[in-house]
Amino acid sequence: MLCEKSIGQRCRQARREHCALANLAKGRILIPLPNTGAMGRKRNNFYMRSIFILALLLFGLLQYHSFNYLDSRDTMLGEAVTNDSVDAILSMVPATLHKYLTPHSRNQSSGSALLLNASAAALAGAGLNSATTISFGIYRPPNITEIRRQIVKYNEMQMVLNEDTFGPLQNDSVIIVIQVHTRISYLRHLIVSLAQARDISKSLLVFSHDYYDDDINDLVQQIDFCKVLQIFYPYSIQTHPNEYPGVDPNDCPRNIKKEQAIISSCNNALYPDLYGHYREAKFTQTKHHWWWKANRVFNELEVTRFHTGPVLFLEEDHYVAEDFLYLLAMMQQRTQDLCPQCNILSLGTYLKTFNYYTYHSKVEAMPWISSKHNMGFAFNRTTWMSIRRCARHFCSYDDYNWDWSLQHVSQQCLQRKLHAMIVKGPRVFHIGECGVHHKNKNCESNQVISKVQHVLRIARKSHQLFPRSLVMAVPSLMKKSKLRKGNGGWGDLLVVLQPAAIPICPINLTASIAVVFK
């Protein structure tokens, strides 16, 4: 076998040599051609494209993980479990502001005095020296007559607290109107957040109350970081418990049939709401109060009735970021070039998670939507005057919500519709666990407050507050806002038909606020 292989190899070699000699004899010499590089270039291009695609994929992957990490930090509000104990919340608040979070109930003070006096008496009975007996009267809440007197006094005096310290209201200053009911625990946290805001000393806080409470009054009058004014809605359920606009004994029951209501001749029998129900005072009061306070601020108060700057509307269960005034001023300055058609500036949105890394300096523009843009929004006198001219639409719309009624005004009456510039990273938060529309099992929970504090702390540490500029985000596709049927629950057509007799909505602006108490 080996011999056969060896012979074959020698034969092939001999044939090659023979061919080479034959070519040489014919004058042909085989010269190897140089490599033109075509294949090499194709190979190199393939490698470069592969490397570029891999690098692009790697960059995208890194960016995704980076945004995902930052988003996860910002979404702490909706996902993280925070320590919502009172001590933990206090630790997030400067010590100088703890006074606003510490209850000083008059009943507690009276109770402490009684305990001290009882201890002193016990010591005296035992033959021991006792301290001087402390004389404290037991606190008794004012009766309705006294409350009415106090409301008239406050509304007539129009006293601006701390004006001697911070000076008179300037025309370009922000007026912050806060609608207050009875939830003092939330109001405490709102005041603490306001106290930490930059330039708050230039603003005027107007607290509009529909419930007279000495503890709430003490808390408001304790504010020392800006000018403060209190106004009191004079047509409340508290001051009219057994008559309109409270609960009149002759009011039609909510679920009575119209035919039965007419037979019984109960109040407003001819005017049930869209769904056949009759008014409930506890729901209608909020809408009455909102309309009254807006008229009061823009048209009646001496300190504000000629003001042309922005008026910002808040409620007792809101919480503000420390740069909310800074951002509001920046939005106001950029309205002409970013959104000339915008006549409302909105600082709050109802989001469960917040991405400050991406949206801290971004705003968007869209038609004002009551369910999305009713928290922490501002407008000026020009916008208000156009709304006020549509009072009949506001007051006759069968919906107990003031914000739905305002959107109805925009859709049905205003020539220039309400159009809002909205911050993508909110500066006003909703911390209320319980209210007209929400009832949780634990209304005293501090969980939402604690989470908001943590979100703002992260935003502060990562320098996501106080942006240097604003960027208009690409508007998302929105369906055209349809005309909506009201939620009912209003049934106050008596007010529209007889405004002179009941000057609430539309309010008789020239009438004395004390007329209802005569």
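**Exercise 1. Decide whether H318 is buried or exposed, and place H318 in the fold.**

Step 1. H318 has a relative accessible area of 2%, so H318 is buried; buried means under 20% relative accessible area, exposed over 50%, and partly exposed in between (1.4 Å probe, protein chains only). The model is predicted, with local features needing pLDDT of at least 70 and side-chain atom pairs counting only at pLDDT 80 or more, while totals for chains, interfaces and linings use all residues. Residues are numbered from 1 along each chain as its sequence is written, and side-chain values use heavy atoms, with hydrogens and water left out.

Step 2. H318 belongs to strand β5 (residues 318–320). Helices (H or I, at least four residues) and strands (E, at least two) are DSSP runs, numbered from the N terminus.

Step 3. Not counting residues up to four places away in sequence, H318 touches L190, M375, G376, V428, F429, H430 and I431; contact means heavy atoms within 4.5 Å.

Step 4. For I431, which lies 113 residues from H318 along the chain, the C-alpha separation from H318 is 5.8 Å.

**Exercise 2. Find which residues line the largest cavity, and sort them by class.**

Step 1. A search of the whole structure gives two cavities of 30 Å³ or more. On a 1 Å grid over the protein atoms alone, a cavity is a set of points where a 1.4 Å probe fits but cannot get out, and lining residues have an atom within 4 Å of a point. Grid points are joined across faces, edges and corners, and a volume is the space filled by probe spheres set on the points.

Step 2. The largest cavity holds about 40 Å³ of space. Its lining consists of W290, K293, F313, L314, E315, H318, N374, G376, F377 and W402.

Step 3. The largest share, three residues, comes from β4.

Step 4. The lining of the largest cavity has five nonpolar, three polar and two charged residues. Ala, Val, Leu, Ile, Met, Phe, Trp, Tyr, Cys and Pro count as nonpolar, Asp, Glu, Lys and Arg as charged, and the others, Gly among them, as polar.

Step 5. The second largest cavity, with a volume of about 30 Å³, is lined by D251, C252, N267, N268, Y278 and R279. By class these are two nonpolar, two polar and two charged.

**Exercise 3. Describe how α11 packs on α17, and how α8 packs on α9.**

Step 1. α11 and helix α17 (residues 402–412) have axes 9 Å apart at an angle of about 55°. Axes are lines fitted to C-alpha atoms, for helices over the stretch in contact, and angles run from 0 to 180 degrees between N-to-C directions.

Step 2. α11 and α17 are therefore oblique to each other, since angles under 35 degrees count as roughly parallel, over 145 as roughly antiparallel, 65 to 115 as roughly perpendicular and the rest as oblique.

Step 3. From α11, T286, K287 and W290 meet W402, S405 and L406 of α17. This contact has three nonpolar, two polar and one charged residues.

Step 4. α8 and helix α9 (residues 214–221) pack at about 5°, with axes 11 Å apart. α8 is therefore roughly parallel to α9.

Step 5. I184, L187, R188 and I191 in α8 meet D215, I216, L219 and V220 in α9. By class there are six nonpolar, no polar and two charged residues.

Conventions
1 Å grid on protein atoms, 1.4 Å probe; cavity = no way out; pocket = protein on both sides within 12 Å on 5 of 7 lines; lining within 4 Å.
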